[in-house]
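Work through the exercises below with the model open. Try each task before reading its solution.

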Amino acid sequence: MQTNEASQESEIKQVIRSLCMMNNRFMNFMLDDNKKAAQVFLRIILGDDKIKVKNVRIQSFIQNIYGHSSQLDILAQDSKGRYFNVEVQRSDEGAPARRARFYSSILDTHFLQPSKLYEELPDTYVIFITENDVLRDNLPLYDIRRTIKQNARDFEDGSHIIYVNSQRRDDTALGKLMQDLYCTESKNLHYQEFAERMEFLKYSKEGEAKMTDVIEEYAARKAEAAAKAVEEYAARKAEAVAKEAEKKEQANKIELAKGLLADGMSIEFTVRHSKLSEAEVRELASKLTA
């Protein structure tokens, strides 16, 4: 029993140490209440060294009483009152343009209080970090703004949607940040603010304790995999039993047909009583008379 517990604990440690920031739950832990790391993150993506993060929180649930509600992976606010929503998307299906539009709109409805003027609506940034280049133009970053079609000027409404292509991992500041997103060892990270946090989460008792939901998710996956394996085994076993029964039933039909034919019964009579097809009975009859 103790050996099993030690083995499970070792396996959990391996799972935790194999995680990188492209795992959105691990990214959440890396940035949760970690203003220094969030600040580096946003400064590099937005190319703005003056961003000062006031607060950052994870899994922020925004209720929409009139429609679809949302749970944001990471929500940060800076000293200018701007809000930044960061989403990590490993699946292309998780980063459609209309989802970005919806997240942008739900931030607006959440942060404009009833007594406030429209001019007081804060600037918002919805940032999708995608595993693949979902916009397919091989750019490291896509900064999406509304524009006036007739003169191509920006329509300054304060909303920003940004897609970051994590496949572009070159030696630029953004490329090094993308490298860090896939890194599993703190010693190999380019940015110290991430390295300190990763070291804490992966190699300290307190850090491992904070990651209980990752461990629970791992345990749930293991249980699901075990249940699926049992289900698949049972299905294979049932299929094998059914095939064996079918094979035995066919053999019995053939033996009955052979006996009837040997007793001089007609093809029609043999088909009717053996439940074989006429073709099968005629084949048996030809073999008996050969």
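Helices here are DSSP runs of H or I with at least four residues, strands are runs of E with at least two, and both are numbered from the N terminus. With that numbering, Lys-275 is found in the loop between α9 (267–274) and α10 (278–289). The model is predicted.

**Exercise 1. The chain as a whole**

Task: State how many helices and strands the chain has, and what share of its residues is buried.

Solution. Start with the elements: the chain holds 10 helices and 6 strands. Next, burial: of the 290 residues, 36% are buried. Last, look at contacts with a separation of 6 or more: 54% of them join residues 24 or more positions apart.

**Exercise 2. Lys-275**

Task: Decide whether Lys-275 is buried or exposed, and find what Lys-275 touches.

Solution. Take the accessible area first. The relative value for Lys-275 is 62%. The cut-off for exposed is over 50%. Lys-275 is therefore exposed. Now set aside residues up to four places away in sequence: Lys-275 touches Lys-253 and Thr-270. Then check a distance. Lys-275 and Ile-254 are 21 residues apart in sequence, and their C-alpha atoms are 9.3 Å apart.

**Exercise 3. Glu-87**

Solution. Leu-72 is 15 residues from Glu-87 in sequence, with 7.1 Å from C-alpha to C-alpha.

**Exercise 4. Aromatic pairs**

Task: Classify the pair formed by Phe-128 and Tyr-163, and say which parts of the chain the pair ties together.

Solution. Count first: with ring centres within 6.5 Å as the criterion, there are 7 aromatic pairs. For Phe-128 and Tyr-163, the centres are 5.4 Å apart and the planes make 65 degrees. Planes over 60 degrees apart count as edge-to-face, and that is the class of this pair. Phe-128 belongs to strand β4 (residues 124–130) and Tyr-163 to strand β6 (residues 159–165), so the pair ties together parts 35 residues apart in sequence. Phe-128 and Tyr-163 are both buried.

Tyr-191 and Phe-194 are both buried.

Finally, follow the ring pairs. They link Phe-102, Tyr-103, Phe-128 and Tyr-163 into a cluster.

**Exercise 5. Helix α3 against helix α5**

Task: Describe how α3 and α5 cross, and name the residues that meet.

Solution. Begin with the axes. Those of α3 (residues 35–46) and α5 (residues 173–181) come within 9 Å and cross at roughly 135 degrees. That angle makes α3 oblique to α5. The crossing is left-handed. Now the residues: Phe-41, Ile-44 and Ile-45 of α3 meet Ala-173, Leu-174, Leu-177 and Leu-181 of α5. By class, this contact has 7 nonpolar residues, no polar and no charged.

Widen the view to α5. Its buried residues include Leu-174, Gly-175, Leu-177, Met-178, Asp-180 and Leu-181. The buried residues of α5 pack against α2 (24–31), α3, β4, β5 (141–144), β6 and α6 (192–203).

**Exercise 6. Helix α2 against helix α6**

Task: Find the angle between α2 and α6, and the classes of the residues in their contact.

Solution. The axes are 9 Å apart, and the packing angle is about 110 degrees. That makes α2 roughly perpendicular to α6. The crossing of α2 past α6 is right-handed. Phe-26, Phe-29, Met-30 and Leu-31 in α2 meet Phe-194, Arg-197, Met-198, Leu-201 and Lys-202 in α6. The contact divides into 7 nonpolar, no polar and 2 charged residues.

**Exercise 7. Positive phi**

Task: Locate Arg-136 and Asn-138, and give the phi of Arg-136 and of Asn-138.

Solution. Arg-136 lies in the loop between β4 and β5. Asn-138 is found in the loop between β4 and β5. Arg-136 is not a glycine, yet its phi is positive, about 60 degrees. Asn-138 is not a glycine either, and its phi is about 55 degrees. Check accessibility for Arg-136: at 65% relative accessible area, Arg-136 is exposed.

Conventions
Residues are numbered from 1 along each chain as its sequence is written. This is a predicted model: local features need pLDDT of at least 70, side-chain atom pairs count only at pLDDT 80 or more; totals for chains, interfaces and linings use all residues. Side-chain values use heavy atoms; hydrogens and water are left out. Axes are lines fitted to C-alpha atoms, for helices over the stretch in contact, and angles run from 0 to 180 degrees between N-to-C directions. Angles under 35 degrees count as roughly parallel, over 145 as roughly antiparallel, 65 to 115 as roughly perpendicular and the rest as oblique. A crossing is left-handed if the near helix is turned anticlockwise from the far one by less than a right angle, and right-handed if clockwise. Contact means heavy atoms within 4.5 Å. Ala, Val, Leu, Ile, Met, Phe, Trp, Tyr, Cys and Pro count as nonpolar, Asp, Glu, Lys and Arg as charged, and the others, Gly among them, as polar. Rings of Phe, Tyr and Trp (its six-membered ring) pair if their centres lie within 6.5 Å; planes under 30 degrees apart count as stacked, over 60 as edge-to-face and the rest as tilted. Buried means under 20% relative accessible area, exposed over 50%, partly exposed in between (1.4 Å probe, protein chains only).
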